[in-house]
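User: I am new to this structure. Please walk me through how to read it.

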Amino acid sequence: MALLRRAKAGDREAREELIAGNLRLVLSVLQKFVGRGENVDDLFQVGCIGLIKAIDNFNVDLDVRFSTYGVPMIVGEIRRYLRDNSAVRVSRSIRDTAYRVLQAKEKYMAQHQREPTLDEIARMLELKREDVVMALDAIADPVSLYEPVYSDGADAICVMDQVRDQKNTDEAWLEQIALKDAIDKLTDREKHILRLRFFQGKTQMEVSAEVGISQAQVSRLEKNAIHHIKKNL
């Protein structure tokens with residue numbers, strides 16, 4: 001804190017000593033970004049820029065540890081660098097909104113030594129909360145499905161192991177099998193009409209012209225087929 005006060009007063013030697021003394025803080029933050037194909041030296045330099053910003057903007061009058069303020073600043077600087085160099089592109093308007101959100105966030109942190117809530121950011125920028133969330137999501141770092149999230153020394157657990165498939169569940173498979181069996185019990189004409197109506201999207205008039213029966217007959221056969229399917233299910 002003494003060095004921070006001297007640095008705030010314009011002591012460049014104190015500022016240099018703070019930077020050199022907190023490089024391990026940058027290295028500790030850097031660990032969560034390693035393995036993304038980026039040059040580690042580049043990320044370290046970017047992290048150091050975040051550290052310098054944290055030193056220059058830290059409020060010595062508040063009872064807050066420097067690391068509590070410095071870590072989010074370093075993380076933010078690295079994420080900004082990764083976002084600007086990402087292969088994933090988002091629209092200019094959303095990106096501009098995201099920059100405004102990040103600037104407002106940094107300004108708030110400099111004044112209050114804590115991160116603002118989404119509602120606080122929305123009020124500061126006079127935006128909807130949904131717009132703030134969308135902007136931050138759009139610039140979030142993409143995560144590989146194969147990125148490990150836990151390891152006990154043996155096999156690592158990856159993101160993919162914790163993502164659930166909502167479509168190909170046991171219940172869905174059973175429903176598909178039951179539906180197939182129910183359709184198999186229909187007559188060939190009923191199957192043909194359902195195929196034209198629900199797989200090819202044709203109207204009852206179009207089906208009647210193709211099959212050679214009246215629309216009323218098509219409607220009756222269709223309702224009868226659906227009734228039998230529901231009954232068999």
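User: In which handedness of crossing does H3 pass H4?

Analyst: A crossing is left-handed if the near helix is turned anticlockwise from the far one by less than a right angle, and right-handed if clockwise. Here H3 passes H4 in a right-handed crossing. Helices are DSSP runs (H or I, at least four residues), numbered from the N terminus. Note that this is a predicted model: local features need pLDDT of at least 70, side-chain atom pairs count only at pLDDT 80 or more, and totals for chains, interfaces and linings use all residues. Residues are numbered from 1 along each chain as its sequence is written, and side-chain values use heavy atoms, with hydrogens and water left out.

User: At what angle do H3 and H4 pack?

Analyst: Axes are lines fitted to C-alpha atoms, for helices over the stretch in contact, and angles run from 0 to 180 degrees between N-to-C directions. H3 (residues 23-30) and H4 (residues 40-57) pack at about 125°, and their axes are 9 Å apart. That makes H3 oblique to H4. Angles under 35 degrees count as roughly parallel, over 145 as roughly antiparallel, 65 to 115 as roughly perpendicular and the rest as oblique.

User: Which residues make the contact?

Analyst: Contact means heavy atoms within 4.5 Å. H3 brings Leu-23, Val-26, Leu-27 and Leu-30. H4 brings Val-40, Leu-43, Phe-44, Gly-47, Cys-48 and Leu-51.

User: Which residues touch the most other members of the largest nonpolar core?

Analyst: A nonpolar core is a set of buried Ala, Val, Leu, Ile, Met, Phe, Trp, Tyr and Cys residues joined through side-chain atoms within 4.5 Å. Buried means under 20% relative accessible area, exposed over 50%, partly exposed in between (1.4 Å probe, protein chains only). The largest core has 24 residues. Leu-4, Phe-33, Leu-51, Ile-55, Phe-66, Ile-74 and Ile-78 touch the most other members. H1 (2-8), H2 (12-21), H3, H4 and H5 (66-84) each supply at least two residues. H5 gives the most, with seven.

User: What does Ile-78 touch?

Analyst: Leaving out residues up to four places away in sequence, Ile-78 touches Val-29, Leu-30, Phe-33, Leu-43, Val-46 and Gly-47. A second, separate core has six residues, among them Ile-121 and Leu-125.

User: Is Gln-113 buried or exposed?

Analyst: Gln-113 has 6% relative accessibility, so Gln-113 counts as buried. Gln-113 sits in the loop between H6 (92-112) and H7 (118-125). Its phi is near 60°, a positive value in a residue other than glycine.

User: And is Glu-126 buried or exposed?

Analyst: Glu-126 counts as exposed because its relative accessibility is 73%. Glu-126 lies in the loop between H7 and H8 (129-138). Its phi is also positive, about 55°, although Glu-126 is not a glycine.
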